[in-house]
Amino acid sequence: MVAVGVTQVRVLLVDDEPLIRAGLRMILHGSGGIAVVGEAADGLDAAARVAGVDPDVVLMDVRMPRCDGVEATRIIRALPHPPNVVMLTAFDTDDFLLRALDHGASGFLLKHTPPAELVAGVQQAAAGTMAFSPSVLQRLVAHATRAPQPSASNPLEGLSARETAIARLVAEGLTNAEIAGRLFLSLPTIKTHLARIFDKLGVSSRVQLALAVHGHRP
């Protein structure tokens, strides 16, 4: 483990290929604002390592032996005070994407993502915003657009006007601090509203909240 300053983002790398982990470590350490605090070779190892290294973000491969990244994400996101999880893969199929998001993943980056975008994605996830490679985001929006709605009701109708405004700003990718500034509210107030929104809508991540908002906009 490396010494970590208070401003650094702590990252756990999860990939079954040592060379991939080495490359990722080099890219992230080179950014200056990120510290790789641990590595794991499969999903089960990743879930066990989270408690020991206390990462802010888990950069998770999808296809691994014993326990794949999607299942590992489900396990990790069920932990008390879980880190955000960003999926990293060579594939951008809807199946992987939707299952990972359903289990609480905070983003989805392709392995051929340029280094600067990879660093930005990790930093975005640490800040609580969504991190997607452009092609993955296009797939997600397209799926949300064509997905059949179970009813004509709007799931946001149970939210207050303030909660609806916050939900829409989350869907635009704003951080809690940015939302607080936009609405002239304190950061603790935003966090309290978000906890209520998550509970009312039955979602567990900002991505799932964004999907709910985008799926029911006029």
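This is a predicted model: local features need pLDDT of at least 70, side-chain atom pairs count only at pLDDT 80 or more; totals for chains, interfaces and linings use all residues.
1. Residues are numbered from 1 along each chain as its sequence is written, and side-chain values use heavy atoms, with hydrogens and water left out.

2. Leu-209 is also listed with Val-14, Met-60, Met-87, Ile-166 and Ile-179 as touching the most other members of the largest nonpolar core, which has 44 residues. Such a core is a set of buried Ala, Val, Leu, Ile, Met, Phe, Trp, Tyr and Cys residues joined through side-chain atoms within 4.5 Å; buried means under 20% relative accessible area (1.4 Å probe, protein chains only). Helix 7 gives the most to this core, with five residues.

3. On to the helix pair: helix 7 and helix 9 (residues 187–201) pack at an angle of about 90 degrees, their axes 10 Å apart. Axes are lines fitted to C-alpha atoms over the stretch in contact, with angles from 0 to 180 degrees between N-to-C directions. The two helices are therefore roughly perpendicular, a label for 65 to 115 degrees.

4. Finally, Thr-164 belongs to helix 7 (residues 161–171), helices being DSSP runs (H or I, at least four residues) numbered from the N terminus. Thr-164 is buried, at 18% relative accessible area.

Technical notes. Buried means under 20% relative accessible area, exposed over 50%, partly exposed in between (1.4 Å probe, protein chains only). Angles under 35 degrees count as roughly parallel, over 145 as roughly antiparallel, 65 to 115 as roughly perpendicular and the rest as oblique.
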